[in-house]
Amino acid sequence: MLNKIKQENPLVHCITNHVVSNFQANGLLAIGASPIMGEAPEEAAELAALSKALSLNIGTLNAESLKSMLLAGKTANRIGIPVVLDPVGAGASRFRLAAVHEILDTVDVSVLRCNAGELAAVSGKEWESKGVDAGEGLLDIREMAVSTAKNLGLIIAVTGKTDIVTDGESVTEIPFGDPAMAFITGTGCLLSSVTAACLAIQPENPMETVSNALRVYAIAGEQAGKLAALPGDFHRTFINCLASITDSEVSERVTIQEGML
């Protein structure tokens, strides 16, 4: 998959939040994809029509960017490219949550990539949110992900100590990663666009593709965690690890993990 991304250099249209747009663009470039960061309603549909995947992120949402997401999403559906939605801080305000539901009602979303708190908000479950961070709750995250994926008719990729990917029927758990990833702004946002890039070049089996995208990402995080001494170092090191990680390294790490179970 990684080799194929570098060979095909898929264009990924990102309507994302202003906090992480540079990190997101550099992360896509690191894996071999080509980002285009356009959010104006006047060009959103046109840019989506040029792209191989669409990544939507509500981190710094406003009325104009929501309009752009709906326009780009409709175009993506019309031409048949995958759409990944990142409902950043969905439980933080009524505006954010309403926007997520409007996107889900209007656009055929391929993957909802979120943390546990965001998943709970979208699902209408009780959860102690903390701004845009996951927060805390007592819900069974796996069960909530399965039921929500089934209800919405899409794939849910919920990240945490153990990542969970489900289409409402099958479930994949991914136990990789590094704790530092939770303390760096934008790691989840970049993962959503990386997932979109992977779907752009391997759309045939989306459950497998999304699971592999999360494996690659989390294992790159493990590598960065071993090399970076402080959070400021992690940001730069993680991009380097994304740029250098290979399919064989991922396969080897997965094999080692399976042998430990």
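Guide: Two strands pair if DSSP finds at least two bridges between them. The strands (E, at least two residues) and helices (H or I, at least four) are DSSP runs, numbered from the N terminus. The model is predicted, with pLDDT of at least 70 needed for local features and 80 or more for side-chain atom pairs, while totals for chains, interfaces and linings use all residues. Residues are numbered from 1 along each chain, and side-chain values use heavy atoms, without hydrogens and water.

Visitor: Which residue in β3 is the bridge partner of Ile15?
Guide: Strand β1 covers residues 11-15 and strand β3 covers residues 53-57. The two run in the parallel sense and share four bridges. Ile15 has as its bridge partner in β3 the residue Leu56.

Visitor: Which strands stand at the edges of the sheet?
Guide: Eight strands make an open sheet with mixed pairing, in the order β2-β1-β3-β4-β5-β8-β9-β10. An edge strand here has a single partner, so one side of it is left without a neighbour in the sheet. The strands at the edges are β2 (34-36) and β10 (171-174).

Visitor: Which residue stands opposite Ile174 of β10?
Guide: β10 pairs with strand β9 (residues 163-166) in the antiparallel sense, over four bridges. Their hairpin has four residues between the strands, and there Gly168 takes a positive phi near 95°. Opposite Ile174 stands Asp163.

Visitor: Is Ser65 buried or exposed, and with what relative accessible area?
Guide: Ser65 is found in helix α4. Leaving out residues up to four places away in sequence, Ser65 touches Ile15 and Thr60, where contact means heavy atoms within 4.5 Å. Ser65 is buried, and its relative accessible area is 4%.

Visitor: At what angle do the axes of α4 and α5 cross?
Guide: Axes are lines fitted to C-alpha atoms, for helices over the stretch in contact, and angles run from 0 to 180 degrees between N-to-C directions. The residues that meet include Leu66 and Met69 in α4, and Phe95 and Ala99 in α5. The axes of α4 (residues 63-79) and α5 (residues 94-106) come within 10 Å, and cross at roughly 20°.

Visitor: Which residue follows α2, and with what phi?
Guide: Helix α2 spans residues 21-31, and its buried residues are Phe23, Gln24, Ala25, Gly27, Leu28, Ala30 and Ile31. These buried residues pack against α1 (2-8), β1, β2, β3, α8 and α10 (231-244). Following α2 is Gly32, whose phi is positive, near 105°.

Visitor: What separates the C-alpha atoms of Asn205 and Ile245?
Guide: Asn205 lies in the loop between α8 (187-201) and α9 (206-227). Asn205 is partly exposed, with a relative accessible area of 37%. Along the chain, Asn205 and Ile245 are 40 residues apart, and their C-alpha atoms are separated by 22 Å.

Visitor: How far apart are the axes of α6 and α7?
Guide: Helix α6 covers residues 116-123 and helix α7 covers residues 141-152. Their contact includes Leu119 and Val122 of α6, and Met144 and Leu152 of α7. The helices pack at an angle of about 45°, and the distance between their axes is 10 Å.

Technical notes: Buried < 20%, exposed > 50% of the residue type's maximum accessible area, 1.4 Å probe, protein only.
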